[in-house]
Each structure stands twice: as C-alpha cells, then as structure tokens.
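Please look through the sequence and the structure before reading on.

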Amino acid sequence: MRSIFKYILTFLFIVSLNAQDFDFFTQKSTIGGYGELHYNVETPEGGKTSKKLDFHRFVLFYSHSWSEKWSFKAEVELEHNFVQDGQGELELEQAYVNYHHADWFGFQAGVILPSVGLINEFHEPPLFFGVERPEYHSRIIPTTWFGNGLAIYGNYEGFDYKISVMEGLDADGFSASSGIRGGRLKGFNADAEQLLYNARLDYLGLPGLKVGASFTYNKAKGDSTYNAITLIEGHAQYIANNLHATFEIGHINYDSGIIESSFGYYFDLGYNISDFLGIETQIIPFARYTDYNTANSTTTGGNIEEQYHFKKWMVGFSVKPIEQVVFKVDYGQRTRQLDDAKVDLFNLGVGYMF
C-alpha cells in the first residue's frame with residue numbers, strides 16, 4: 001500500500017507541471033441525472049398476485065471542471081422515494097477527482113465504480129432493455145457496485161481499459177441466495193486491509209461493437225475468517241443498423257465457505273422497427289433469456305444447488321420518442337430448478353436521463 005501512495009505522489013508532482021491549463025480555461029459546472037418509475041405485477045404459480053408502483057430511482061449527477069484536465073464528478077441516488085427504518089436507500093455512488101491527461105491515460109480518486117460488465121458503470125434506463133435491470137446484474141454482478149478507491153483508465157488504438165484498486169468486500173455478507181452482493185461495503189467504514197483489484201479491457205475498433213472482459217480479485221475479510229473471491233466475466237454488445245444484441249457471462253470462485261462458485265449469463269436481441277413504420281420514434285421489440293445460480297457449486301451439494309438456480313425468458317419492447325426518454329413494457333416467466341416453481345412477471349416503466 002505504501003508503494004501505491006509513493007507512485008501516486010510522483011504522478012501528482014508530474015501532472016502539476018501542467019498547471020498553466022488554468023490560465024486559458026473557464027471553469028464550469030454541469031448537472032445531469034436519471035430516474036425511473038416502475039409498475040410491477042408478480043404472480044407465483046398457485047399463489048397470490050402482488051402489484052407495486054415504485055419510483056425506483058432518482059439520481060442526480062454533478063460535475064465541475066477546473067480545467068481541461070482536472071474535474072470533479074459525483075452521483076447521489078435516492079431509491080424508493082423514502083428512507084426510514086431500513087426502507088429505501090440514500091447513496092453516494094460516485095464522488096471522485098478526475099485527471100484526464102489524454103485519451104490514453106486518466107486517473108480517478110474517491111468513490112468509484114469498478115469496471116465489471118456492461119451495466120455497473122452505465123445504468124441509465126434508456127441504455128438497457130426491460131423495466132428492471134437484468135437479474136444477472138444483481139445475482140452475479142452486484143450492480144450498482146461502488147466504493148472508495150483509485151483507478152486509471154484510457155483508450156488506445158481501439159482498446160479501452162480501466163484498472164481499479166478499492167475497498168474490499170465483507171466475507172460475512174456472502175450468501176447462497178445472493179452471492180457476493182451482501183459483501184459490498186459502499187464506502188461506509190470500508191476495509192482497507194484487503195484491497196480489491198479489478199481490471200477490464202474492451203475492444204471498440206468496429207462501429208457499434210464493444211467486446212471485452214474483466215477480472216476481479218479480493219481476499220475478502222469477515223469478522224474471523226477470510227474468503228478470497230475471483231470474478232471473471234465477459235461481455236459483448238453490438239448496436240448498429242437498428243440491431244441491438246447483448247451477451248454477458250460471469251463466474252465467481254470462492255476459496256472457503258459453503259459456496260464454491262456462482263455462475264450466470266443472459267443475452268438480449270432487439271430490433272428497431274421505426275424505419276419500417278416511417279417514424280422517428282424508436283420502437284424496439286426485444287427478447288431475453290437468462291440463466292443464473294448463486295450457489296452453482298457447493299461443498300454440501302444437494303438441494304441448495306437447485307434452490308438458487310433460476311432460468312427466465314422475457315419479451316417486451318422499448319419506445320424512445322427521443323434518446324433520453326424511454327417507455328418500457330415486458331412480460332416474462334422465471335422458473336426455479338428445485339421444484340419447477342414458476343413466477344409470471346409483468347412490468348411497465350418510464351425512464352429518463354439528462
């Protein structure tokens with residue numbers, strides 16, 4: 001850790017030589033954000049239907065640029081309108097100083113997002129299909145995943161990279177039902193004894209294509225034990241010529257405890273039919289299939305490996321009158337392997353970003 005800070009101080013000394021940038025730049029602040037209202041209907045097979053109307057997320061971005069290279073960026077999120085007695089959440093999901101030296105190199109320090117999968121860093125509602133985020137991004141990738149740390153990033157010759165070092169996970173929060181999701185510390189009294197290391201590389205050399213992978217390692221610390229995890233995921237997305245195709249796959253290994261591995265994937269396929277209809281509003285029917293198991297392999301075997309194994313299909317469409325506003329509808333069915341129990345899901349939603 002001491003060597004990391006030594007390199008950081010050396011880096012800051014070098015970039016301070018560029019202080020003359022301030023002389024020719026007008027400082028500016030910008031505000032952005034996104035939000036989404038959901039209507040969810042859930043009907044378990046042979047059970048009672050539940051209905052919910054939820055303003056799921058209200059998010060504000062703030063950015064201030066001191067110069068062309070130095071800036072500050074922050075994101076505050078309120079979930080479910082309300083925070084009291086464990087209901088709702090108010091979170092500081094990003095708050096970092098950013099140094100953009102050139103396209104090939106930048107630096108972030110503060111509350112950052114590890115670069116894992118397609119949605120953890122870019123999760124505005126118009127950017128993904130379905131009213132709710134893909135279940136893969138709660139069970140395998142614990143989106144939104146954020147914490148205190150440092151990162152370098154850049155783009156060179158069609159390759160985009162990011163390397164992050166940040167707070168570790170709480171091993172006591174791992175579970176068969178939610179994998180590593182419960183281990184996120186969200187910057188609150190975060191552990192710096194066992195840091196988390198994350199690296200991602202994407203290829204962006206063809207128009208509309210993004211394909212890449214990431215690797216994450218943390219020797220997660222609990223009250224009395226350690227549980228080292230490795231998360232390896234791959235992702236690919238193609239959006240061009242009215243075609244929308246997305247595929248993500250992830251695998252988590254645990255070196256102690258009951259769970260040995262978690263695994264999941266999903267793919268989306270959609271097509272913008274606005275050209276056929278001769279209108280400017282984008283209308284994009286889509287289909288999704290997903291398969292995930294947070295207890296994919298366990299030391300005990302048996303029912304627990306089937307209890308948390310789910311498969312789900314979904315169809316729906318997104319309507320985008322402008323790029324920043326989306327209306328969504330979807331219908332799907334989720335099946336648990338253990339007892340073949342099925343749940344029908346119907347969702348309506350509206351989302352925006354600015």
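## A residue in strand β8

Leu201 counts as partly exposed, because its relative accessibility is 47%; buried means under 20% relative accessible area, exposed over 50%, and partly exposed in between, with a 1.4 Å probe and protein chains only. This residue lies in strand β8. Helices (H or I, at least four residues) and strands (E, at least two) are DSSP runs, numbered from the N terminus.

Apart from its neighbours within four places in sequence, Leu201 is in contact with Phe159, Asp160, Tyr161, Val211, Gly212 and Ala213, where contact means heavy atoms within 4.5 Å. Leu201 and Phe215 are 14 residues apart along the chain, and 9.3 Å separates their C-alpha atoms.

## Basis of the model

The model is predicted: local features need pLDDT of at least 70, side-chain atom pairs count only at pLDDT 80 or more, and totals for chains, interfaces and linings use all residues. Residues are numbered from 1 along each chain as its sequence is written, and side-chain values use heavy atoms, with hydrogens and water left out.

## The chain as a whole

The chain has four helices and 16 strands. A compact globule of 354 residues would have a radius of gyration near 20 Å, and the chain has 21 Å, which agrees; this radius is taken over C-alpha atoms, and the globule rule is 2.2 Å times the number of residues to the power 0.38. Along the principal axes, the C-alpha atoms fill a box of roughly 70 × 60 × 45 Å.

Of the 354 residues, 45% count as buried. Among contacts between residues at least 6 apart in sequence, 57% join residues at least 24 apart. The accessible surface of the chain comes to about 17600 Å², and 60% of this area belongs to carbon and sulfur atoms; such areas come from the Shrake-Rupley method with a 1.4 Å probe, and for residues only the protein chains shown count as cover.

On a 1 Å grid over the protein atoms alone, a pocket is an open set of points with protein on both sides within 12 Å along at least five of seven lines, whereas a cavity is a set where a 1.4 Å probe fits but cannot get out; lining residues have an atom within 4 Å of a point. Grid points are joined across faces, edges and corners, and a volume is the space filled by probe spheres set on the points.

The largest pocket has a volume of about 1000 Å³. Its lining holds 40 residues, and His56, Glu132, Arg133, Glu135 and Ser138 lie nearest its centre. Strand β2 (residues 50–65) gives the most to this lining, with five residues. By class, the lining has nine nonpolar, 11 polar and 20 charged residues; Ala, Val, Leu, Ile, Met, Phe, Trp, Tyr, Cys and Pro count as nonpolar, Asp, Glu, Lys and Arg as charged, and the others, Gly among them, as polar.

The second largest pocket has a volume of about 770 Å³. It is lined by 34 residues, of which Gln94, Tyr96, Gln108, Glu121 and Phe122 are the closest to its centre. This lining divides into 12 nonpolar, 12 polar and 10 charged residues.

## The cavity

How many cavities of 30 Å³ or more does a search of the whole structure find? The search finds one. The largest cavity holds about 30 Å³ of space, and its lining includes Glu36, His38 and Pro125. Strand β16 (342–353) gives the most to this lining, with three residues.
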